[in-house]
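Thanks for coming. I will go through one structure today, and I will keep to the contacts and the symmetry.

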Number of protein chains: 2
Amino acid sequence: MTDAWQLFEEWSGTLAAVGGAAGLLGWDRETGMPPGGSETRARQLGTLATIHHRELVRPDLDGPLAELEAHDGLPPERARQVELMLRARRRAQRMPVSLVRDLSEATSRCVGMWIELRPTGDFAAFAEPFRRVVELKRLQARTVADGVEPYDALLDDYEPGARAAELVPVFADLRERLTPLVEIGASRPRPPLPRRQWPAEAQVALARDLAEMVGYDLSGGAVALSAHPFTSSPGYGDVRFTTRVDEANPVGSIMAVLHEAGHAMYEQGFPAAYARTALLDAPSMGAHESQSRFWENHVGRTRAFWERITPLLHGRFPDAMRGLETAALHREATAVEPSYIRVEADEVTYNLHIALRFELELALMRGDLEVGDLPGEWNTRMREFLGVTPPDDGAGVMQDIHWPEGLFGYFPTYTLGNLYAAQLAEAADTHLGGLDAAVADGRFPEILGFMRDRVHHSGNLLPTGELMRAATGTPLSADALVAHLRGVATG
Amino acid sequence: MTDAWQLFEEWSGTLAAVGGAAGLLGWDRETGMPPGGSETRARQLGTLATIHHRELVRPDLDGPLAELEAHDGLPPERARQVELMLRARRRAQRMPVSLVRDLSEATSRCVGMWIELRPTGDFAAFAEPFRRVVELKRLQARTVADGVEPYDALLDDYEPGARAAELVPVFADLRERLTPLVEIGASRPRPPLPRRQWPAEAQVALARDLAEMVGYDLSGGAVALSAHPFTSSPGYGDVRFTTRVDEANPVGSIMAVLHEAGHAMYEQGFPAAYARTALLDAPSMGAHESQSRFWENHVGRTRAFWERITPLLHGRFPDAMRGLETAALHREATAVEPSYIRVEADEVTYNLHIALRFELELALMRGDLEVGDLPGEWNTRMREFLGVTPPDDGAGVMQDIHWPEGLFGYFPTYTLGNLYAAQLAEAADTHLGGLDAAVADGRFPEILGFMRDRVHHSGNLLPTGELMRAATGTPLSADALVAHLRGVATG
């Protein structure tokens with residue numbers, strides 16, 4: 001037993017180190033790498049992925065892992081580690097090497113074509129490499145599936161334990177209750193921000209101010225710029241995030257900072273004892289997104305928050321802030337406006353974009369829909385859910401990188417994150433005697449403390465459902481999110 | 001054959017990718033990593049080193065490698081790759097795993113103690129962990145050695161093919177001819193720079209200006225700040241360097257930029273066809289240092305250079321440069337002054353610092369000297385070579401990190417680099433019709449072109465001796481360096 005556990009720990013530690021190294025290579029690719037390095041970087045990442053896979057399926061671990069799995073006296077933290085590592089190992093073992101290679105080639109090719117064709121919106125040309133991706137993902141889903149719904153096998157990569165059968169009614173419910181709010185929200189007046197210059201350098205400095213203010217620890221992190229904001233951790237004690245800046249409007253960057261700091265503070269809250277183990281992780285993408293969305297939408301989009309940071313804004317942007325009311329910035333941060341593009345969507349319309357994608361990708365993986373049908377089905381739903389029609393497929397069905405990359409089953413986790421965030425915000429509201437009041441008073445350590453206790457400190461010890469039920473005191477439901485969004489829509 | 005070669009290429013490619021990933025982790029540790037990440041980073045680097053070692057000695061390659069080694073019709077570029085990879089493999093195979101582990105532990109411990117004890121200069125306390133390092137390095141030298149001089153086995157790690165027997169007379173000769181120059185140089189008047197403020201940000205901007213001016217390609221690189229300047233390449237197409245800044249004096253940073261840009265341009269000049277092979281490298285540390293020293297000392301410390309960059313300096317430092325003569329900066333860059341500290345030494349005294357270290361480490365590895373004798377022997381030589389006595393062992397025998405890190409055999413490569421640089425400068429002078437004139441005219445592409453043709457383009461195709469003989473037209477000798485330093489000393 002001692003021997004088996006020691007071997008297991010070394011094995012997990014090696015996998016964590018290789019994964020962390022790959023994570024740093026990815027971070028650097030987006031933040032520091034010169035253009036000349038891209039081909040070499042792709043090969044380095046490919047090599048690390050191969051090494052990771054080879055280590056994950058190492059045959060000499062069959063015996064020790066069987067011993068640990070059969071052992072029923074393991075303490076819960078060890079038992080969970082064994083469960084998580086075995087799950088990853090079995091998924092890797094079930095994926096034939098040829099399929100991994102075919103998928104990698106097909107998605108590389110499809111992403112390349114997507115980059116070229118998205119601006120033109122030429123779906124017919126895009127469809128050819130994309131059909132191959134869909135075909136291989138269907139094959140993967142059938143190969144890895146252990147139930148009747150192949151889509152679940154893909155979903156499981158991002159949201160372990162989630163089932164399409166449970167998500168279908170959730171999205172139907174959301175769709176029905178959110179659609180009427182869109183019109184209400186969009187009818188609110190929204191005078192444009194006056195034209196001002198918000199210097200990039202001051203926005204980056206503000207990013208650090210705000211992140212530290214809400215509780216992000218810079219001595220275990222770094223803030224950088226990238227084309228698309230993201231959070232990345234090469235390993236315990238080092239959790240970094242990026243933002244982007246628009247010198248004509250600071251609101252996007254501020255919301256991105258709150259969002260990414262939410263992700264980053266989650267990872268900074270994992271216990272030190274979980275370093276280099278499978279427990280140093282969120283149990284799912286949805287759980288991760290609950291943290292980013294909580295700080296972005298339930299803290300960062302409140303009037304209390306904008307009032308709280310007004311002095312900071314005057315300090316960093318003395319010219320742009322002159323004579324500008326905090327209310328104008330808050331209005332900008334909470335405006336509702338149906339649009340074609342998901343990543344620019346407001347809080348109210350956002351989940352309708354996801355509902356649309358979930359319905360289509362589920363049908364696609366089930367074989368109820370073919371690639372050629374996508375543009376028509378997409379546009380029909382856009383009109384139905386949001387009342388708008390994209391001018392072309394580039395602004396419609398081809399807008400996201402997820403499908404060309406083969407990420408089917410990923411989109412629903414965004415909405416799961418929003419649902420959990422709203423439920424957590426309700427629980428925090430109760431616990432803190434009013435979340436808005438806590439924000440207004442700058443009691444950020446208390447807010448973060450709530451999340452640390454309820455969510456962060458358990459790392460990946462509990463599955464998402466169990467974790468969130470305990471943290472919120474309620475089962476998964478759309479009620480909290482819809483109530484919150486009704487407030488946003490009515491202003 | 002085709003199969004063996006294909007396997008060989010994959011194997012070298014994997015090793016290059018793992019090495020490149022480790023390189024990036026090292027770069028990031030010095031330039032971007034927050035303090036919280038250091039423990040995890042150490043483990044990641046340890047894991048990658050283990051993976052690299054395991055891959056290097058993979059037993060299933062014995063057959064294919066024997067086949068390739070026996071094949072006498074391989075084109076020279078392939079034959080050299082096989083030779084280089086086999087040399088690395090055999091060195092790795094000769095190192096018992098227990099010795100690798102013991103050395104890693106002993107040097108980690110010794111470096112930790114060194115960091116703590118160097119400021120106090122407590123050699124007695126330092127000697128205890130250091131004795132263990134020396135003992136293990138002696139063991140390594142005996143284990144790996146294939147000749148009568150165990151020191152050569154260590155030297156070979158940094159300067160393949162070099163032999164102590166050849167270096168001893170070179171250093172004796174240098175010592176004899178340089179010692180008299182020290183006094184001459186130190187007697188030159190050197191009025192201090194007036195007190196001015198040289199803003200850090202402008203120094204970093206100037207670093208990019210200067211690097212681009214001499215031919216460094218920023219689209220395949222990056223410039224950052226770190227405590228000690230260094231150059232690092234995570235792989236083909238991506239060669240980065242750092243500098244450090246002192247706001248009271250810009251000369252150190254400018255010299256560091258020329259030095260590191262020299263290293264970086266060397267790597268940027270390797271042929272694209274050598275990417276991901278053992279040929280994408282310098283044949284030795286001495287060859288690498290020849291490039292940094294050439295740009296630093298034979299370009300960057302000339303009066304022509306300082307006159308050439310005067311307009312750039314006025315542009316970046318309008319206040320500090322007001323009323324300042326270029327000659328004052330040039331005098332600062334070429335001042336000669338005996339001191340205790342190698343990394344602060346001028347061109348003339350520098351190689352005497354190295355001669356001292358070479359003599360001591362050779363005697364130490366031969367067993368002719370024991371750890372306890374080091375401080376006395378050090379101080380005797382300091383007086384003899386440079387006429388100064390360090391105030392304590394922290395400023396004396398304990399000043400460098402190399403020995404605590406176990407890097408015996410490394411120091412001589414600095415002087416070899418200086419010797420080659422001076423010989424290359426003489427060859428460039430002839431080829432360009434005067435190197436100074438080329439610098440004065442800003443004909444940097446011609447200077448770089450000379451180095452590209454003579455040195456960079458061969459990567460690691462030729463051993464250093466052969467490469468340098470062809471590039472300079474003369475065998476290794478101290479004449480060029482001594483002539484150059486006589487010029488520096490007499491001003």
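Before anything else, one definition: a residue counts as buried under 20% relative accessible area, as exposed over 50%, and as partly exposed in between. And one caution: what you are looking at is a predicted model.

I will start with a salt bridge inside chain A. The side chains of E69(A) and R90(A) meet there, with 3.0 Å from N to O. E69(A) belongs to helix α3, residues 62-70, and R90(A) to helix α4, residues 76-94, so the pair ties together parts that are 21 residues apart in sequence. Now apply the definition. R90(A) has a relative accessible area of 36%, so it is partly exposed. E69(A), at 44%, is partly exposed as well.

In chain B, take D102(B) and R132(B). Their closest N and O atoms are 3.9 Å apart, and they form a salt bridge. D102(B) has a relative accessible area of 22%, which makes it partly exposed. R132(B) is partly exposed too, at 33%.

Are the partners in the next pair, E296(B) and R301(B), buried or exposed? Their side chains meet in a salt bridge at 2.5 Å, N to O. E296(B) has a relative accessible area of 7%, so it is buried. R301(B), at 16%, counts as buried too. Over all chains, a search of the whole structure finds 76 salt bridges.

Now the interface. On the chain A side, P34(A), Q44(A) and R276(A) supply 19% of the area that chain A buries against chain B, more than any other three residues. Please remember R276(A), as I will return to that residue.

Between chain A and chain B there are 8 salt bridges. One that you can find on the screen joins the side chains of R54(B) and E55(A), at 3.7 Å from N to O. There is also a network of salt bridges that links D28(A), R41(A), D238(B) and R240(B). As for polar contacts, 10 residue pairs make them between chain A and chain B, with both residues at pLDDT 80 or more.

Next, the symmetry. Two copies of a chain are related by a rotation about an axis and a shift along it. Here a rotation of 180 degrees, with 0.0 Å of shift along its axis, superposes chain A on chain B with an RMSD of 0.1 Å. The two copies are thus related as by a two-fold rotation axis. The same surface serves both copies, since 100% of the contact residues of chain A recur in chain B.

Last, back to R276(A). Most residues other than glycine have a negative phi. R276(A) has a phi near 65 degrees, a positive value in a residue other than glycine. Where does R276(A) lie? Its place is in the loop between α10 (251-268) and α11 (285-299) of chain A. With a relative accessible area of 23%, R276(A) is partly exposed.

In chain B, phi of R276(B) is near 60 degrees, again a positive value in a residue other than glycine. R276(B) lies in the loop between α10 (251-268) and α11 (285-299) of chain B. At 24% relative accessibility, R276(B) counts as partly exposed.

That is the end of my part.

Conventions
Residues numbered from 1 in each chain as written. Chains lettered and ligands numbered in written order. Predicted model: local features only at pLDDT ≥ 70, side-chain atom pairs only at ≥ 80, totals over all residues. Heavy atoms only, no water. Buried area = accessible area lost by both parts, 1.4 Å probe. Salt bridge = Lys/Arg side-chain N within 4 Å of Asp/Glu carboxyl O. Polar contact = N/O pair within 3.5 Å; in protein donor to acceptor, adjacent residues only side chain to side chain. Helix = DSSP H or I, 4+ residues; strand = E, 2+ residues; numbered from the N terminus. Buried < 20%, exposed > 50% of the residue type's maximum accessible area, 1.4 Å probe, protein only. Least-squares fit on C-alpha atoms with pLDDT ≥ 70 in both. Contact = heavy atoms within 4.5 Å.
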